[in-house]
Amino acid sequence: MADPFDTEALRGAVLASWRDSPTRFREDANAEEDLVLGGYRDRLLVELAQNAADAAGSDGRVRVSFVDRELRVANTGRPLDHDGVASLASLRASAKQDGVGRFGVGFAAVLTVSDAPAVLSRTAGVAFSADRTREATGREGRVPVLRLAWPTDEQPPAGFDTEVRLPLRDGVDPDELRREFEAQATDLLLSLDGLRHLEIGDRTWRRDDGPTHTDIHGPDGTSRWLVVREQGELADVTGLGTEARPQWTVCWAATENPGDDVLHAPTRTDERLSLPARLIATLPIEADRRRVRPGPATDTVLDAAARVYPRLLQHTDPHERTRLVPEPGFPLSEVDERLRRQVVEALRTAAWLPTHTGTVEPRHASTVPGPALVEALDDTIGGLTTLEHDAKLQSLDVTRLTVADIVARVTGIDRPPAWWHRLYTALAPIADVDRDAREALGALPVPLIDGRTLPGPRGTLIADTDLDSILDTDLAIVHPEAVHPLLERLGARRADAEDLLDSTREAVERSLDDAESGLDTGKLRDAVLALVGEAGVRPGEHPWLAALALPDDAGDHRRADELALPGARFLDLLDDDTPLGILDREVADRWPGHVLAAVGVLGGFAVVVDETPAGPDHDLADEQAWWDGLEEPPARLTAVRDLDLVADHAWPAALELLAAEPTTWQALHEPGGYTGWWIAHHALLDGEPPRAWRLPEATELAGLYDSVPPVAVAPSVLAAIGVRASLDVADEELLDRLGDPDRVVPAGATLRAHAALARAVRDGTLPADAQPPHAVRSLTGQVVPAAEGLVLDAPWVLGVVEPERVVGVGDDFTLAEPLADLLDLPLASEVVTGTVAGVAEPVSWADLGAVVDACDLAGFAVPLGGPRVHDRLTVRIGLIDHEVTWWVEDGVAHCVDSIAGLSRTLAWAAGRWADRHQLAALLEDPESVLA
């Protein structure tokens, strides 16, 4: 077989060196293993592609294929020559003069997958083999594979100049290799200038270069890279080794999502970078091609790379440029730290930041929060970049103008109202989301319609109505051309008629003092009344309007709420000495009645409305006393004022007038309200307060209270002012009425009244210091001196006591004791004590058939135990014997064998005293009761 590269001589020289130096063999084996296991363990395709690119020069093509279990990498370009073979077999030398390395130590990467690599070229080929090396050396185990070359006559495939063939070692997965190679395809095409076309299996990648962009067309689409390049020559290559070249190149490549990156020199190294663009530069690197070799050459190339970097941004869309500014953070390597520092410095002093008029250096630029502000402030603040500020720009010393800074810059400048409107439009989105910005905007200048500029929107007004009536009121109204929603959010008030009216409050409240001081308040009066009419203000809606100074019929000025309309009907109901005045006739005729009523001028009784009352501060007569009597403060207040001005004799007519108007009717009927309370306590109907009368339909109160004199109002109105509709104990008045001998009170009313009084004592609703009466009304309706009465608490006592002495509480004897305390009377059971004469055997209720049937029909259980039944029942009280139908002595019931005795005793024992009459009927004739 031909041996054009004289591999036999190369093998002889190597074998001789191993024989002459026994340690040399092991050194070569170890060195080769170090390269495979260390520096080149994952750089197979990178190294083969680098060799192919160096061979091709400018338009290289590489094809990667797998034939059975053999990896084949073919490329175009300069074929294998004698020097190349020598380099392959030398382990540490490259024959390349103008590339990074061709067939030097990098070729050792093939040993990561194969023990028998071969390089075929159209000139000739060589093969290496671990087995043949062991045979030639007589050694076993690990041997240097790439030191001994043998000729081969195999040829590369058509269309290619060289092919590396690698029979795959056992355990190497071809599919995994293919996936690894495909993942590196784009990086290789971008990194290697000489490589244009890469095929891996049936998938193809191709590179197209433009003036500023490089497109990588792959099977899954095209990726576009922004590229800037620079080249130069080193002044000093001392110390870089025999393979050093003086020429250097720098390429920055950026794409939309570059991901984590490393330095390429020009192929991948292990120097991690955090820059948003990929650096591909001809830097001196260590033998394993993983780390940059420090020194002057490295300094020169890295300095150039940093200097070139700003050109990337200058070729990028202005709005995307900050994407290429390094993110602040910790560097990933020493090289990264140096590059980041130099790149940031280069970007700081290069003019690439866009403005409306060109580009500026970051150190001379400012940012504002939002692009709209750039346009709005471009004629006011110089050097404004159109890019939004972020941490990247901050690292470049770009001045960040906050909203507070902007407000300070524009304060004091003179601009037309429309300019301010544009500024407000630009600031509005920021104010929506930034609380600090909103606070700073509190001092934002605002142009007014009168030519002034106020510092801050708060307190200014945005008018939505005709301004003619308020031009002379010194209001801070925003110029119409500057009006913007932002001003409202910052405190300006949208001034419809009602808002403008509110702005006059201070002037209204001092208007009477001004009028009495001789100042003309006519313009204020007309403006306020006009705004009241336009806003549709209702009476009482704005209480402060009552302070408006208006002229009276005597030529003086008074508060509006101290004046009445000329001829008002309610004036005839007031006392002769009423303090109200009469409004000037000219003013009354000029303005509608509802407008004058809204400011407090009286055409009838005025109503005070407060949706959230906080205290008795509404200037109502006796308001504090009413408020103190409430269990809890009112949630809402509707009250008629000036009731204390009504004459005593005029109350029937006044009530008719109050009931005729919806607002005063509502005030009258407010539960617990002031109006009903005041009338109930102070008004007079036929000389008596309303609580001294009852409604005609309240017949249960007949005798206790007289029917109210005729008043032409509904019963609900009378009830609202205190006319009694039911029995109510609130004071001692009921005691006096019960003890009045001139009154004829039905027995039922008397019992109900006494029960109500007892409950009031028991529940604590009657004053504890209530005075006992001098006379009381008994069961017979008679009025007797209190000293002669007693309170019935034991019903059997009625058999021996005169009824005209007994004060009853009805069927609930638990009320007897509280009533006795109130009336200062003894209980009947304490006064009347007796002893039952004779002895009788006890009888069980359950043994009495009529009783059992009666209980069943009445719907309750038969009581336990039973009475002692006497043929004749006598009770001795003192020295006198009394014959009775039933009695209870020491808790033992006694009765005669009669319907009256049994029914009363049974009702008492069962706790059903109220049912005693029904029980009597059931015991006497149950069938008639059932019928």
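This is a predicted model: local features need pLDDT of at least 70, side-chain atom pairs count only at pLDDT 80 or more; totals for chains, interfaces and linings use all residues.
Biologist: Which exposed residues lie on the face of α33 turned away from its buried side?

Modeller: Helices (H or I, at least four residues) and strands (E, at least two) are DSSP runs, numbered from the N terminus. Buried means under 20% relative accessible area, exposed over 50%, and partly exposed in between (1.4 Å probe, protein chains only). Here that face carries His-917 and Glu-924. Residues are numbered from 1 along each chain as its sequence is written, and side-chain values use heavy atoms, without hydrogens and water.

Biologist: Which are the buried residues of α33?

Modeller: In α33 (residues 916–924) they are Arg-916, Leu-919, Ala-920, Leu-922 and Leu-923. Seen down the axis of α33, they fall within an arc of 165° (taken from the directions from the helix axis to the C-beta atoms), so they line one face of the helix.

Biologist: Is Val-73 buried or exposed?

Modeller: Val-73, in strand β2 (residues 70–75), counts as buried because its relative accessibility is 3%. Contact means heavy atoms within 4.5 Å; beyond neighbours within four places in sequence, the contacts of Val-73 include Leu-48 and Glu-163.

Biologist: With which residue does Glu-163 meet in a salt bridge?

Modeller: A salt bridge is a side-chain nitrogen of Lys or Arg within 4 Å of a carboxyl oxygen of Asp or Glu. Glu-163 is paired with Arg-165 (2.7 Å, N to O), and both residues are buried.
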